[in-house]
Amino acid sequence: MSRLDDLLELSDRELLSAHCAGDADAFGEIFRRHRDRMWAVALRTTRDPEMAADAVQEAFIAAFRRADSFRGDAAVTTWLHRIVVNSCLDRLRRIKPVVGLPDGDHGDLADRHDHHHSVDVRLDVQRALEQLPEGQRMALVLVDMHGLSVTEAASILDVAEGTVKSRCARGRAAMAPLLGLPAPAARPMSHPLKEPMAPS
Amino acid sequence: MSTLIAPRKPAGSSPDDDQTGVRALLSGLPEPDPMPAYLVERISASLAAEQAQRAVLASDASVTPLLATRRRPRRVLFSLAGAAAAVVLIGVLGTNLVRDNSAGGVTSAASSRLDSAPREAGGLVPPSSSDKSVSGDTLAPASIRIRVSTVRYTQDAFVAQARKLRDIAFASPQPMATNSSDVGLIGTTGGLISCLNAIGAGGAQLVEADLAFYEGQPAVVIVATTNGVPTAYAVGRGCSQNDASLLHQGVALP
């Protein structure tokens, strides 16, 4: 069995442990396994390929250096997500400290495009997401777009699970009219876009 | 206002999760393309540079056996907070060294953390507070080196593989490696000494331990050198004072 085969058989946790103990190849395998996922998260968080590239590079280097800070109370992938998301948010906050929806600009996105045009849909979703407060946007990116559990998202964002659920609900309620979807019938959200910035 | 696309509920989601259809819409969006090749190369190069830097630090931390050099005063030069773990090179203050100052030596060790880890040369590292299994009358080896690796030792190639272990440059102490539940007490100096006693190698002067795999199962391969004769063992990671968990009988290395 080759060296690479050995690495392929190890769990993320074992790889990280081997990396911490000095194995020269273990982290490379972690990078290989998770790079596409982390790239997707970075891209969807920053919505800017150049910024996403810098953020994900910085994140993997930070993970390499700080691997011994991983204590095993979460999955390695959750730990990586957290590092990537924080790297992205740090960069976003440097250039754009506040994200909010301008008054009176809620309804024009959905009317401009053929609803069968997937590129337009993607652009509209992106534009709608951009108008959400950071906390709501990140909750939707992680839970709805990346399919993470509320528990995982809460761990990544370092907030309570209830906070993630609340942000998801508010974010969806805010996005629905922007995308031409029916607003929720029950439990209407009051000021869904007014949530303050999430703590990092 | 028109609807952009027909909402599609993601599999497994409860209707109560989202009445707006936004979740279905978001989950139905295509995944971004894989990380572009240029970025894979860029990050790989950065990680390779980090690895090279780490290797340099690790080589700086290579071991000088305690018995060969002058012993410095027994002051604690290392304040490795997590030195309980002591994965690579920890000179254990053995009873024999305490009794014979002239036979003391210098252990060079360093944390491989790239930022602010303490690095000092010289001095002895006392057993850490977590090494509770070290009894007062245990004859501790002069030098213990522990690492975690992915090497898969086999019965057929055991001697050859164990010989290589002696030539490996061990990396620096990493608390995580030994705090991990995947490793256990055997990853600590005290735990390893207990195991050595259990397999009858408590009198070794130099010990190298590789937390790896033997015949496909998690194991520790130990090369214990007593009076210049190295002997290799494979034990389970549960090896302790009361249970040797011997997987491969001790075999003298040529």
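What span should the 21 residues of helix α3 of chain A cover at 1.5 Å a residue, and how far apart are its end C-alpha atoms? The model is predicted, with local features needing pLDDT of at least 70 and side-chain atom pairs counting only at pLDDT 80 or more, while totals for chains, interfaces and linings use all residues. Residues are numbered from 1 along each chain as its sequence is written, and chains are lettered from A and ligands numbered from 1 in the order in which they are written.

**View 1. Helix α3 of chain A, residues 26-46.** Helices here are DSSP runs of H or I with at least four residues, and strands are runs of E with at least two, numbered from the N terminus. At A:H34 the helix α3(A) bends by about 55 degrees, the bend being the angle between axes fitted to the seven residues ending there and the seven starting there. After α3(A) comes A:R47, with a positive phi near 60 degrees.

**View 2. Helices α7 (residues 134-145) and α9 (residues 161-178) of chain A pack at an angle of about 100 degrees.** Their axes, which are lines fitted to C-alpha atoms over the stretch in contact, with angles from 0 to 180 degrees between N-to-C directions, are 8 Å apart. The helices α7(A) and α9(A) are therefore roughly perpendicular to each other, a term for angles of 65 to 115 degrees.

**View 3. Chain B contains six helices and eight strands.** Of its 254 residues, 45% count as buried, meaning that 20 or more other C-beta atoms, placed from the backbone, lie within 10 Å of the residue's own.

Notes: Angles under 35 degrees count as roughly parallel, over 145 as roughly antiparallel, 65 to 115 as roughly perpendicular and the rest as oblique. A residue is buried if 20 or more other C-beta atoms lie within 10 Å of its own, exposed if 12 or fewer, and partly exposed in between; C-beta atoms are placed from the backbone. The expected span of a helix is 1.5 Å times one less than its number of residues.
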